[in-house]
Each structure stands twice: as C-alpha cells, then as structure tokens.
Protein chains: 2
Amino acid sequence: MSDIVKIAIDAMGGENSPNKIIDGIEISLKKNKKNFFYLYGDKEVLQELIEKKKLIKDYCEIIGTKDVISDNESPLAAAKRSKDTSMWKAIESLKEKKTHISLSAGNTGALLVISRLQLNTIDGIGKPALAALWPNRNTMNVVLDLGANIECSEKNLTDFACMGSALFKSLFDSNLPRVALLNVGLEENKGHDILKKTFSILKNETNKNFIFSGYIEGNHIMDGDTDVIVTDGFTGNVALKTAEGTANFITQSLKSSLNKISILLSYTGLKKFKDKLDPRKYNGAIFLGLEKPVVKSHGGTDHIGFAHSIDVCNKIVRAQLIEKIKTNLITVDAN
Amino acid sequence: MSDIVKIAIDAMGGENSPNKIIDGIEISLKKNKKNFFYLYGDKEVLQELIEKKKLIKDYCEIIGTKDVISDNESPLAAAKRSKDTSMWKAIESLKEKKTHISLSAGNTGALLVISRLQLNTIDGIGKPALAALWPNRNTMNVVLDLGANIECSEKNLTDFACMGSALFKSLFDSNLPRVALLNVGLEENKGHDILKKTFSILKNETNKNFIFSGYIEGNHIMDGDTDVIVTDGFTGNVALKTAEGTANFITQSLKSSLNKISILLSYTGLKKFKDKLDPRKYNGAIFLGLEKPVVKSHGGTDHIGFAHSIDVCNKIVRAQLIEKIKTNLITVDAN
C-alpha cells in the first residue's frame, strides 16, 4: 500500500463535474493503477456514476459533502462559508494525513485561500506560488508564479526558484534544472530593484540544486533553453494569458486559411501540431510552498485534461516534491 | 508646402541601413508623395544610394553626420557621446522646428534617452511612454507602455490612457476609442494598488475623449473589443515579447506540419494568414508624451517594414497627434 498514491479529489468543482472527474479517473486507471481516489462531493450522484464504471469501483472511496463552491464566488466569501464543501474537505484530508495530495477543478482563488487556511507553509518559505507547465520547442517549462502573489519580494522570487526547480525535477527526472528570471532585457542592470536583488542572490548562490541562467525575455520562454521561469504573480498571469490569447488568435486565423483538401492532405502533420499545443496536456497548476501539495485542474478542461492532472499528482507524490523543495531551499534574509 | 510632412530620418540606425531606409522611402513615395525626408547620416554613402533612385531625389535632403550609435551600446553611454550622431541630429531637427517628426531604426534605449535630453515633455505629462500596434480580430490595438518606464504611478497610467487614445484617433480616425487597463482579472478589486487607483480615476472621469472599458486580461488583448490597452512598461514589454514568442513558436511548428501540396492548395488562404500576422505591417513604435513625436522602427525590419513606419509618421503629423494628446489630458494630482 505504500506504493499507492492517495489523491483527495474535490469531485464537484469545474464545468461538467462530477462527470468529467469520474471519466478522467477511468482514463487514468487504464494507464496506471497505482492511485487511490478519495472523492469529496454529492454522495448519491457520485455513487450512481461509479456504479456504471466497473474499473474504478475498487479504486475509489466516496466521502459525502453537503455543499459546493461555485466558480463565481469571491475567494474570501467562499472560504468563510466553506467548511462543509467538497473543496474544504478534500484539503482537510491532507491535514489529517489521510491523503498525499489534493486535486480540484473548482474556483482557483477559493482553493488558494482554503489551502492556506488549513495547511502550513513549508518552513522557510515566505509565500506559496502557483506553478504550471508551458510547452517549449523541446518539452515543457515550469513557470511560476502565475497569480497567487501580485507583489513579490526578492525572498519570494528566490523561494520560487527553489520550488520551481524541485517541481521540474519531480516531473521530468532532471538533476540540474536551468532557472531563469523573467525580465525586459538580459543585462544585469535591467528591470526593477527586486529583480536585481534576486539576480544577485541567485548568481552568488553556491547551493547547486539548480543552475541559474540569468534573465530571460518573454520571446524566449518557448525556446527550450530554460526549464524553470520565475516571475511575480502579476507578470506571470499576464504572460500566460497573453500567450493563450495569441495561440487562440493564430490557430483560429489558421483554421479559416486552410481548405478542406489541404487539411486532409496534411492530416498527420496537423494532428501532431494540434497534439503538441493541446492545452489538456499541460493541465494541472501546482500550488507550491505548503506542507502538502495541492493541484488545480483547469475548470474548463474535459475528462482527458483531468486525467493529465491526475498524472501530475501521481508524479509529484512519487518524486517526493515537498522533500525536494526542502533540500533546494536557499536562506535569504526576509526584509 | 504646408501640406507636406517633414520627416527627420536617422538613416544609419538598424540592420542593413542605410540601404533599407532608402528602399523604404522609395516604396513609400510610390504610394504617397506628401512627405519630405531629411536624411541624417554618412553623406557620401547616402548621396550614392540616392543617385540611383530617380524617384526620391526631389523628396530628400541629406545632412551629413559624422558618427553612428550602434545597437549594442548602453543608452546612457551612447547618449553621452552622441552629439555628432545621425540619431542626435535627427532629433535636434525637431527641436529646431525644421521637421515635424523623427524616425529611427536604431538603438531603442539610446533613442529614448536622446529624445528626452533634447525635447520637453508635453505640459501635464509625467513620463513619456512607448506605444505600438498589436493585431486583433478586427484591426489593431494600441498598447502602451512597452518598456520606457519599468515602474509607473496612477498618474503615469492615466496619462498613458490619454496619450494612447489620442494616438488611436490619429491612426484610425475614431472618435471615441475604448481604453482598458491590463490586469489579472476583471473585478474592481483585482491587481495592485496603482491599478486600482488608476481604475478609480478613469472610471470617474467625465472628460469624454475616450471610453474607459475597465480591466482586460492578457487572453483578450487580441479579441478586438478594445482599442487602447494601458499597462506599465515592465508588464507591457513582457506581454508583447511573450506574444511574439508564442506566435513564432506556433507558426514554426505549423510550417513543419503542412506538406508542400497542402501549402499550394491553400496558397491564397495561407497568404492572407501570413499577411495578417506580418510584423512589418505593425512596424513603428511611437514615443508619446514629448512636445514632438518620435517614431522607432524595428531595427531588424526590412524596407517594406520601414515604409510602414513612414506611413505611421505621416498619419501622426497629419492628424496633429500632439494637439490631440493635449485635448485628451486628464488632470491627476501627481504624488
């Protein structure tokens, strides 16, 4: 049983839940049976869905919860009244050491608040951050923070470098991830003071759990020369969404530019192209810096995307992400 | 002669200059003969190039300058020793009222510093900003600041809204541009304090030279529902470069996905697609907030891109951009 990853799932969060949750679990189990799922949500509905799926019955336990947090609620209002919700209970199971990791496709802001309310931060970490995967020419980058912290100190950004490289190691089996700071130029004097201070801390750091490769500009995020890209939550959120908007704009313009015969003739090539950019493959933002890992699936993803986020959960627990973060930590005097 | 736009051109800045400059002027003159060009640079080289072009001889005057600012120089070092350069002299011609607008494809940082050294800011403007055009589903947005100011106050961002909408009016003949603030969410309480203060100033403003449409997120920049997008120079620079990197990544992945027959069969459609995204069409960043307009062409663009930036110069002068900025200005107590 020590080999089994216990995943607490908020089965009610996100579009088309809990259906896509159960379908996602089924897809995931077909590939990997070393997960066990604790499903938090409407007991009757979940029971009925699971009855139809022979495969997953033996890999699930349902824990009935009374209430659900909706996507439109303000995080603080939701958190206040959340103690009977599927989201709260899923996180609570981490605190109680019943599960190893928690996964939700629900309200992101509420998930961050509820996680922080119930879980301690790792000793030495100033602020937790939201990290995600971003495709590049070779494989994927880890980028953080994507919106958990609007303003960050040099201590926070240094923590993000340590946590992001630990995450990259956990997901991609790398020994020395290359970490870069997102900036508006490559020279040491570019950017604002906090970036310059972070640059100087990371440059002089002798703890060799990752390689600091200096600054990176937005146009090189996808080049594949870096593994972890560190930024504050404001910039990271704008960059991620801008990339998403640009990708949508281009692929939609493209669709209307190709005629049907061309599409058929290049079917295999275009399928590969579509696969490489399929956002479901990058589904699963990871809330890093708490004593237990919390994963956020995109609310709008489908069962295939949800299955990918289960895969992320499995890798994180197996690779002992939290231990890796502790090993990576650099001491910075917090101001 | 009052109908003629006098453009001061730093003929030595950017890759393949002055050749591309002269070729760009030729393209531009074929479309529009209501420009006159003052070319600052190496007299002999320019004379020789112009001798070969019958069309442009009557529309140019060469002013010999001794020195050139290179792309790799630090802005401040370049500015210090710049008084005999083509860039300095081109800007100086604005100060002397010999020309209406100045255009350079050279070192951006040096251009900003040299412009600020020689030209006053418009009365009431705190900091000048760099604006550029960004394609969207309908036509184009104006986005600013793209890197002139790493940190901005609510007064600066409010100025940017006024200047950006004046620029949009000048280029696209619109009466009431829709202005939005780039943020990480749409709710009034989202983002950092300076954004919230700017939101509140713009929301309560009764000077109706533009429509304030609230916050916008990065994934909606290209939707075409906004005309002017306002942000600080750090965020704007990261967003623009991230969009550029994403566009390159996708179009390169796409190229390798289509076979030759498909490309031939969809030739017209793909040509339109390529045209719409052609960065040369959006060439020309505008340095706004000085008493005279300064335009920066992309250093790496070719003669076609340079011709587009000449077109931008013509429109700006004809539309009396500086007067429009003055009309748009909102008074904000600078802290």
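1. What covers helix α6 of chain A? The cover over its buried residues includes α4 (75-80), α5 (86-95), β4 (101-104), β10 (285-288) and β11 (294-296) of chain A. Helices here are DSSP runs of H or I with at least four residues, strands are E runs of at least two, and both are numbered from the N terminus. This is a predicted model: local features need pLDDT of at least 70, side-chain atom pairs count only at pLDDT 80 or more, and totals for chains, interfaces and linings use all residues. Residues are numbered from 1 along each chain as its sequence is written, while chains are lettered from A and ligands numbered from 1 in the order in which they are written.

2. Helix α6 of chain A spans residues 108-118. Eight of its eleven residues are buried, so the rest of the structure largely encloses it. The buried ones are A:Thr108, A:Gly109, A:Ala110, A:Leu111, A:Leu112, A:Ile114, A:Ser115 and A:Gln118. A residue is buried if 20 or more other C-beta atoms lie within 10 Å of its own, exposed if 12 or fewer, and partly exposed in between, with C-beta atoms placed from the backbone.

3. A:Val113 also lies in helix α6 of chain A. It is partly exposed, with 19 other C-beta atoms within 10 Å. Neighbours within four places in sequence aside, A:Val113 is in contact with A:Pro75, A:Leu76 and A:Ala79. Contact means that the C-beta atoms of two residues, placed from the backbone, lie within 7 Å. A:Asp58 is 55 residues from A:Val113 in sequence and 32 Å from it in space, C-alpha to C-alpha.

4. Now chain B. Eight of the eleven residues of α6(B) are buried, so this helix too is largely enclosed by the rest of the structure. Its cover includes α4 (75-80), α5, β4 (101-104), β10 (285-288) and β11 (294-296) of chain B.

5. How do α5 (residues 86-95) and α6 (residues 108-118) of chain B pack? Their angle is about 35 degrees, and their axes are 10 Å apart. Axes are lines fitted to C-alpha atoms, for helices over the stretch in contact; angles run from 0 to 180 degrees between N-to-C directions. From α5(B), B:Met87, B:Trp88, B:Ile91, B:Glu92 and B:Lys95 take part; from α6(B), B:Ala110, B:Leu111, B:Ile114, B:Ser115 and B:Gln118. These contact residues divide into six nonpolar, two polar and two charged. Ala, Val, Leu, Ile, Met, Phe, Trp, Tyr, Cys and Pro count as nonpolar, Asp, Glu, Lys and Arg as charged, and the others, Gly among them, as polar.

6. The contact between the chains takes 43 residues from chain A and 42 from chain B. On the side of chain A, α9 (233-255), α10 (260-265) and α11 (267-277) each give two or more residues. The largest share, 17 residues, comes from α9(A). That side divides into 19 nonpolar, 18 polar and six charged residues. Of the interface residues of chain A, 98% are also interface residues in chain B, so the copies meet through the same surface.
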